[in-house]
Amino acid sequence: MLLPNILLTGTPGVGKTTLGKELASRSGLTYINVGDLAREGQLYDGYDEEYDCPILDEDRVVDELENQMSEGGVIVDYHGCDFFPERWFHIVFVLKTDNSILYKRLENRGYNEKKLKDNVQCEIFQVLHEEALASYKEEIVHQLPSNKPEDLEDNINQILKWIEQWVKDHSS
């Protein structure tokens, strides 16, 4: 059976991982957190002192995921999306969170002041929504609110319905 590939993107702290893991457990799709994948495989290309984090080796990440993505049925979770091949994804969800909520979430993660400010600004200016629109066909890019537990449940149900319909439309 053919299964779709889904990209979950958005500023750090918007709830991609929570949504991705829950969606995978309810849909049977495979969940991949690109940050974890990079950590496990040491897929880095240096270190960013300013942001106090390693720099992702995007080419190696793409090579690492290529086979799985061509088989289908994968949920990819990452805060960037412009380096993934366009052919990989059937739908892209950009999660969006109110700035005050996002600020608190990132503060709880122990982000330093610069990282906090930059990520909240990134959200204010909808940087990742713009990046998704620039990287994929507009009709497959959708924004989802991610502020409260009810949003999570609504988003899961909405995406599960979409998967079901996609599978119906693509079964021979």
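Here is a short chat about the salt bridges, surface patches and core of this predicted model.

Guide: Quick ground rules: residues count from 1 along each chain as its sequence is written, and side-chain values use heavy atoms, with hydrogens and water left out. Local features need pLDDT of at least 70 and side-chain atom pairs count only at pLDDT 80 or more, while totals for chains, interfaces and linings use all residues.

Visitor: Why is the pair Glu22 and Arg26 called a salt bridge?

Guide: The term asks for a side-chain nitrogen of Lys or Arg within 4 Å of a carboxyl oxygen of Asp or Glu. The closest N and O atoms of Glu22 and Arg26 are 2.8 Å apart, so the pair qualifies. A whole-structure search turns up nine salt bridges.

Visitor: What makes Glu22 and Arg26 about one helical turn apart?

Guide: They sit four residues apart in helix 1 (residues 16–27). Helices here are DSSP runs of H or I, at least four residues long, and strands are runs of E, at least two, all numbered from the N terminus.

Visitor: How do you know whether Glu113 is buried, partly exposed or exposed?

Guide: Buried means under 20% relative accessible area, exposed over 50%, and partly exposed in between (1.4 Å probe, protein chains only). Glu113 has 43%, so it counts as partly exposed.

Visitor: What makes Glu113 and Lys117 a salt bridge?

Guide: Their closest N and O atoms are 3.9 Å apart, which is within the 4 Å limit, so they pass. Both lie in helix 5 (residues 113–124), four residues apart. Asp118 and Lys114 also pair up, at 2.8 Å from N to O, and they too lie in helix 5, four residues apart.

Visitor: Why is Val127 called partly exposed?

Guide: Its relative accessibility is 37%, between the 20% and 50% marks, so that is the label. Val127 is found in helix 6 (residues 127–135). Together with Ile124 and Phe125, Val127 forms a nonpolar surface patch of about 290 Å² accessible area.

Visitor: What makes a group of residues a patch?

Guide: Members need over 30% relative accessible area and no salt bridge; like charges are joined within 9 Å, and nonpolar side chains (Val, Leu, Ile, Met, Phe, Trp, Tyr) within 5 Å.

Visitor: Which residues have the most contacts inside the largest nonpolar core?

Guide: Val61, Leu65, Phe84, Phe89, Val92 and Tyr136, in a core of 26 residues. Such a core is a set of buried Ala, Val, Leu, Ile, Met, Phe, Trp, Tyr and Cys residues joined through side-chain atoms within 4.5 Å. Helix 3 gives this core its largest share, four residues.

Technical notes:
Accessible areas come from the Shrake-Rupley method with a 1.4 Å probe; for residues, only the protein chains shown count as cover.
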